[in-house]
Amino acid sequence: PKDKNMLPDRVIENVDVVLRTLFAPAQTVRPYPDQDMAEAEMSDAEREHALGLMRVNHVGEVCAQALYQGQSLTARDESNRAALQHAAQEEVEHLAWTERRIQDLGGRTSLLNPVWYASSLAVGVAAGMLGDKWNLGFLEETEHQVTRHLEEHLQGLPEQDAKSRAIVEQMREDEMKHAHMAQEFGAAPLPKPVKDVMAAMSKVMTTISYKI
């Protein structure tokens, strides 16, 4: 009976997460990593490239919100659920940082964000239903792959774009921390074919969101 009474609250709470992620400006508790930095001089091509990379990073954070939401919905252990929700809050800050940087660069976020969100939410729910150790294993591998993407972006961003670099560097630090958290909570290592499929799906998402 108690769980039944809580169900409407959980439904409302999760609908609220979806609406805030997709349609409301994200909020940050920590300072913006680039707040004390001046805007660099960049050519049009450099600015467009930086914009594309930051849009990819924003999409990654939209997907992270959906994954964490799906995984916390199906997590069995309360401590695991609490850890997932804490990590999700840091990802909200990443949303705020990348969103404002995209605006500063004169661009817009991906038009396909609702599609990315829905697909990631489904994957998160499915991962959670496999059990907590596989749920956490999926989270750990996701964060490792995101970290590698961010490292590639640090190499690809215009050298003088210190503002974008500061944001990406802090995001990378946080993602590594989330991967370690999953490992500490008992993540199971995923089979290589699963990792390869995840990497292929990520490649499709990043290629499309760079432009759209």
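The buried residues of helix α4 are Asn113, Trp116, Tyr117, Ser120, Gly124, Ala127 and Gly128, where buried means under 20% relative accessible area, exposed means over 50% and partly exposed lies in between, with a 1.4 Å probe and protein chains only. These residues lie on the same side of α4 because they cover an arc of only 95° around the axis, the arc being that of the directions from the helix axis to the C-beta atoms. In general, an α-helix has 3.6 residues a turn, so residues three or four places apart point the same way.

The model is predicted: local features need pLDDT of at least 70, side-chain atom pairs count only at pLDDT 80 or more, and totals for chains, interfaces and linings use all residues. Numbering starts from 1 along each chain as its sequence is written, and side-chain values use heavy atoms, with hydrogens and water left out.

Helix α4 has 17 residues and reaches 24 Å from its first C-alpha to its last. This is close to the 24 Å expected at 1.5 Å a residue, the expected span being 1.5 Å times one less than the number of residues. Glycine 128 belongs to this helix and counts as buried because its relative accessibility is 0%. Between glycine 128 and leucine 73 there are 7.6 Å in space, C-alpha to C-alpha, and 55 residues in sequence. Just after α4, glycine 131 takes a positive phi of about 120°.

The protein chain as a whole has seven helices and zero strands; helices (H or I, at least four residues) and strands (E, at least two) are DSSP runs, numbered from the N terminus. Of its 212 residues, 47% count as buried. Among contacts (heavy atoms within 4.5 Å) with a separation of 6 or more, 87% come from residues 24 or more positions apart.

The largest pocket holds about 790 Å³ of space. A pocket is an open set of points on a 1 Å grid over the protein atoms alone, with protein on both sides within 12 Å along at least five of seven lines. Grid points are joined across faces, edges and corners, and the volume is the space filled by probe spheres set on the points. Of the 37 residues that line this pocket, the closest to its centre are Leu67, Phe138, Thr142, Met198 and Ser202; lining residues have an atom within 4 Å of a point. Helix α5 gives the largest share of the lining, 10 residues.

How values were computed: 1 Å grid on protein atoms, 1.4 Å probe; cavity = no way out; pocket = protein on both sides within 12 Å on 5 of 7 lines; lining within 4 Å.
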